[in-house]
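Let's take a walk through this protein together, one piece at a time. Have the chain in view and follow along as we go.

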Amino acid sequence: MNTVFETALSGKHIVIVGGSSGMGKATAKMATALGAKVTIASRNTAKLQAAAGEIGSGVRIAPVDTTDGAGVSSWARGLGSVDHLVISASSAARGAFTDLPIDDLRAMFEAKFIGPYMTAREVLPVLVKGGSITFFSGVLSRRPSAGATGLGAVNAAVEALAKGLALELAGRARVNCISPGMVATEAYAATPEETREAMYAQVGSSLPAGRVGEAEDIAQAVVMAMTNGFLTGSVLDVDGGHLVRDLRLPQVQRQIGSLPKTDLFRVAVLASSKQIMGLEAASKLGRTRAQAQPALLTFNRSAVLGKLGS
Ligand SMILES: NC(=O)c1ccc[n+]([C@@H]2O[C@H](COP(=O)([O-])OP(=O)(O)OC[C@H]3O[C@@H](n4cnc5c(N)ncnc54)[C@H](OP(=O)(O)O)[C@@H]3O)[C@@H](O)[C@H]2O)c1
């Protein structure tokens, strides 16, 4: 017996920009298993080929750089008709407000906002009536973190784009946005494994879900966004409860209170200026994990900076 998702997606053409990695790749696998014809796109052809090999069953690849306007235009003309467009491609830049180079901020807006905007606009002429567009933002839009203000702002811009476009395209296509919390994907591949696992464990334990996300958790939400005909103009928070999590501030403040102010300052400043997590910063300073604990969580970092300012 077909599931409702198989019935809705079987034979449909789904284009996933960012489909060579992480949540885009997981969505490609899930959609393929549900009988869809999937095209994955991103900049690196070798990565696309490897992902296609992993996904199997004739997934098509179509390399594109979403920040290259002319390239996106000719790429879109070669797609054929598209039932659903998913854009998970992005790059992130972290850094304190006064430290993050403006060029890095601009590059992030190009990759995460302008690129998806241009991609949706160029695909629109070949998007079938009744189709859908799914963008990606992230939890920082509404749960900011010191040292990631620019990333929060670009996420908020993507959410506004999805909502506005849902109105502009009413009756033509549905438009939604997925807002993930922390999800274990290749996006963290550059972080040393030990640091990464500690970060996942630490963030996961702060969430109602008790863990960080897997790419498949998000793929399920994308499938829902593509198939639910009553869903448009929505931001789906798939974040393990990040937006409602308990900050446990009294506990954090106790931890912070037990550290010498100089250590807190060095860990917090290094974490912000080098755009790395507190644990990595602490290990660079030769501190133990326990000593880094207060700066490890994003919300801890805000509290650390708050204490320094007091
Ligand atoms: N992972 C998380 O914890 C998390 C949390 C909140 C929000 N998000 C958001 O969720 C989305 C998916 O994240 P993810 O973790 O799955 O990312 P990921 O594993 O890093 O994958 C990003 C994909 O985008 C492609 N890409 C990057 N820049 C591109 C460009 N200019 N043109 C075309 N393709 C481009 C990459 O391939 P190439 O390098 O080959 O181009 C890759 O396929 C992103 O929007 C991210 O910001 C992630």
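**Starting in the sheet**

Let's begin with a pair of strands: S5 and strand S6 (residues 173-180) run parallel and are joined by six bridges. If you'd like a spot to look at, find Phe 136, which stands opposite Ile 178 in S6. Keep in mind that what you're looking at is a predicted model.

Now look to the other partner of S5. Strand S4 (residues 82-87) runs parallel to S5, and five bridges join the two. H5 itself lies across S1, S4 and S5, and runs at about 175° to S4.

Is S5 enclosed or open to the outside? Seven of its ten residues are buried, so S5 is largely enclosed by the rest of the structure.

Let's keep going across the sheet. S4 also pairs with S1, in the parallel sense, over four bridges. His 84 turns up again here, as the bridge partner in S4 of Ile 14.

Strand S1 (residues 13-17) and strand S2 (residues 37-41) run parallel, with five bridges joining them. Among the partners, Ile 16 has Ile 40 as its bridge partner in S2, and Val 17 has Ala 41.

So what order do the strands take in the whole sheet? Seven strands form an open sheet, in the order S3-S2-S1-S4-S5-S6-S9, with parallel pairing. At the edges you'll find strand S3 (60-61) and strand S9 (235-238), each of which pairs on one side only.

Stepping back for a moment, the protein has 13 helices and nine strands. Of its 310 residues, 46% are buried. Count the contacts with a separation of 6 or more, and 70% of them are between residues 24 or more positions apart.

Next, the ligand. There are 31 residues around it, and Gly 22, Ser 42, Arg 43, Asn 44 and Gly 138 come nearest. Helix H2 (22-33) and helix H5 (102-123) are the elements that give two or more residues to this shell. The largest share, three residues, comes from H2.

One last stop: Ser 141, in the loop between strand S5 (127-136) and helix H6 (149-168). Why does Ser 141 count as buried? It has 21 other C-beta atoms within 10 Å, and 20 or more is the cut-off for being buried. Setting aside neighbours within four places in sequence, Ser 141 is in contact with Gly 152, Asn 155, Ala 156, Glu 159 and Ser 179.

Terms used
Residues numbered from 1 in each chain as written. Predicted model: local features only at pLDDT ≥ 70, side-chain atom pairs only at ≥ 80, totals over all residues. Near = placed C-beta within 6 Å. Buried ≥ 20, exposed ≤ 12 C-beta atoms within 10 Å, placed from the backbone. Contact = placed C-beta atoms within 7 Å. Pairing = 2+ DSSP bridges. Axes fitted to C-alpha atoms, helices over the stretch in contact; angles between N-to-C directions.
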